[in-house]
Amino acid sequence: MYWITIIIMGSFCIVLCLARKQTVPPNVPSLLKLFYKAALYLYKKMCFRFSGPFSSSQVEKDLCRLHPGESRECIKTEYYVKKTAVFLAIVFMGSLFGAAARFSAQEEVILDERGAIARGDYREGSREIGLTADYGQQRLNFQVEVDPILLSGEEINTLFTDLLNQLPEYILGKNESLEEVVHDLNLTQHYGDSPIDVKWESSSPGILSDDGQVNEVEKEEKVLLILQLSYGEHSMTKEISVTLVPPRLTEEELLYQEMGELLEQSQAAYMEEEAWKLPLEWRGESIRWSQVVEDNSLLLWMTSILIAFLVYWASDRDLHQKLESRKKGLSREYPEIVHKLALFVGAGMTIRGAFQKIAGDYEADCHNGGRQHAAYEEMLYTCRELKSGVSEGASYEHFGKRTELQEYIRLSTLLTQNLKKGNSTLLERLREEADKAAEERLQQSKKLGEEAGTKLLVPMVLMLAVVMVIIMIPALSNL
């Protein structure tokens, strides 16, 4: 599966080579600069031929609202190039992680091309691996445990017991009782969390092996299982009688059983060797062995591409949410702005002077580390229009249209009418507008408070249930 990474990396290198002359803006993060170059090159080459991924009337409308006065094409290019750069970065990193996962999975393979399994030393312990046998027209899967190399020299034995009462339940496996054994028994070295070592020996290994494997019998057979329980310096030996009955095996089950025996015999023959050579032929048919390993590389590649598409799609939604958040901020700041206008006009300032005073104070506050506010940014933009030569009436009209909120449009209409008709009641109208805006803000705050109370209802009910449980449990326990 490395070809996926090779294709992605090769394509990225080609695009990056072609995009080497592209200029990256200074505000782009360092980690995204290479992807930004590639994205800018792809955008320039593809936006005219395949406009679908790089064109949305709603997105362009939202961008113009969030960045008033800036070039429509510039902000559109910056937005789509940045989004494409993030998409490329996710696909690129996902490919690297996929290749790493593939490499990690391959490192777990201990079966070589000759059909030999490399053993570890006693410090590594036993390892369980999956094997697939292609035998004739069938493919058989096995889980085998590869034991470490046996140590030569003096053996260290430890003995002790206390599991005899629980062993019948542990070793039953899929069988209903020890008096009617059809399936393999669970004869292992350890049971549960117990530190006790268990060693099994069968009186008839031909029909019941020491590891619990049951071979087919034609009639009922009594078999004694001799077990030795050991822990520390204590030991105990016990005999358990089991009855084997003829199994009802399908042809496939019988094949699994017999080939499992073949694997067991093969491993026993190579216990003192560094490598366990698996049988390559059985009953005149060749066997092709392959190890089963967990390989999540393809899943990582597919997930990274899916995430990249989701991020690309979600960017438009986030942009629209930013616009909605901006509208809410404009609405919250409206009462304060109208109040300041009424205050300055009442002090003798003109509307233009009041606008410049409010915008100038805001700009100075921002230079000193203050927070930005959408409504004051619009006022600041209006003052810049006035300085650039745009008429005062047109600037106020633009101010109301950019916000797209009814209250600001109403204010801009009021200011424009004052310039055209010389409204002598401007101050009174501004004060009425300020009172009305304050009342609307109060009503909105009450509405938000009621919504918050409704949202808190579910946690309060859950807390009540917890308190009731805490009270009732001790009361019921004393009955």
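**Close-up views of the predicted model**

View 1. I8 counts as buried, at 19% relative accessibility; buried means under 20% relative accessible area, exposed over 50%, and partly exposed in between (1.4 Å probe, protein chains only). This is a predicted model, in which local features need pLDDT of at least 70 and side-chain atom pairs count only at pLDDT 80 or more, while totals for chains, interfaces and linings use all residues. Residues are numbered from 1 along each chain as its sequence is written, and side-chain values use heavy atoms, with hydrogens and water left out. The residue I8 belongs to helix α1 (residues 2-18); helices (H or I, at least four residues) and strands (E, at least two) are DSSP runs, numbered from the N terminus. Leaving aside residues up to four places away in sequence, I8 touches V91 and S95, where contact means heavy atoms within 4.5 Å. I8 and V91 are 83 residues apart along the chain, and 8.2 Å separates their C-alpha atoms.

**View 2. S304 in helix α7.** S304 lies in helix α7 and is buried, with a relative accessible area of 6%. Residues up to four places away in sequence not being counted, S304 touches I90, V91, G94 and S95. Between S304 and G98, 206 residues apart in sequence, the C-alpha to C-alpha distance is 8.9 Å.

**View 3. K21 in the loop between α1 and α2.** The loop that holds K21 runs between α1 and α2 (33-46). K21 is exposed, its relative accessible area being 71%. The C-alpha atoms of K21 and Y41, 20 residues apart along the chain, lie 9.2 Å from each other.

**View 4. Helices α7 and α8.** Two packed helices are described by the angle between their axes and the distance between the axes. Helix α7 (residues 297-346) and α8 pack at an angle of about 125 degrees, and their axes are 9 Å apart. That makes α7 oblique to α8. Axes are lines fitted to C-alpha atoms, for helices over the stretch in contact, and angles run from 0 to 180 degrees between N-to-C directions. Angles under 35 degrees count as roughly parallel, over 145 as roughly antiparallel, 65 to 115 as roughly perpendicular and the rest as oblique. The crossing of α7 and α8 is right-handed; a crossing is right-handed if the near helix is turned clockwise from the far one by less than a right angle, and left-handed if anticlockwise. I337, K340, L341, F344 and V345 of α7 make the contact with I351, A354, F355, K357 and I358 of α8. By class, the residues in the contact of α7 with α8 are eight nonpolar, no polar and two charged. Ala, Val, Leu, Ile, Met, Phe, Trp, Tyr, Cys and Pro count as nonpolar, Asp, Glu, Lys and Arg as charged, and the others, Gly among them, as polar.

**View 5. Helices α8 and α10.** The axes of α8 (residues 351-367) and α10 (residues 392-403) come within 11 Å and cross at roughly 50 degrees. That makes α8 oblique to α10, and the crossing of α8 and α10 is left-handed. From α8 the contact involves I351, R352 and F355, and from α10 E392, Y396 and F399. Four nonpolar, no polar and two charged residues make up the contact of α8 with α10.

**View 6. Helices α12 and α13.** Helix α12 (residues 426-455) packs with helix α13 (residues 457-477) at an angle of about 35 degrees, the axes being 4 Å apart. G453, T454 and K455 of α12 meet L457, V458 and P459 of α13 in the contact. The contact of α12 with α13 divides into three nonpolar, two polar and one charged residue.

View 7. Most residues other than glycine have a negative phi. R283, a residue other than glycine, has a positive phi near 55 degrees. R283 is found in the loop between β8 (281-282) and β9 (285-292) and is exposed, with a relative accessible area of 56%. The phi of E404 is also positive, near 60 degrees. E404 sits in the loop between α10 and α11 (406-421) and is partly exposed, at a relative accessible area of 34%.

**View 8. The protein chain as a whole.** The protein chain has 13 helices and nine strands. Of its 479 residues, 36% are buried. Among contacts in the protein chain with a separation of 6 or more, 62% are between residues 24 or more positions apart.
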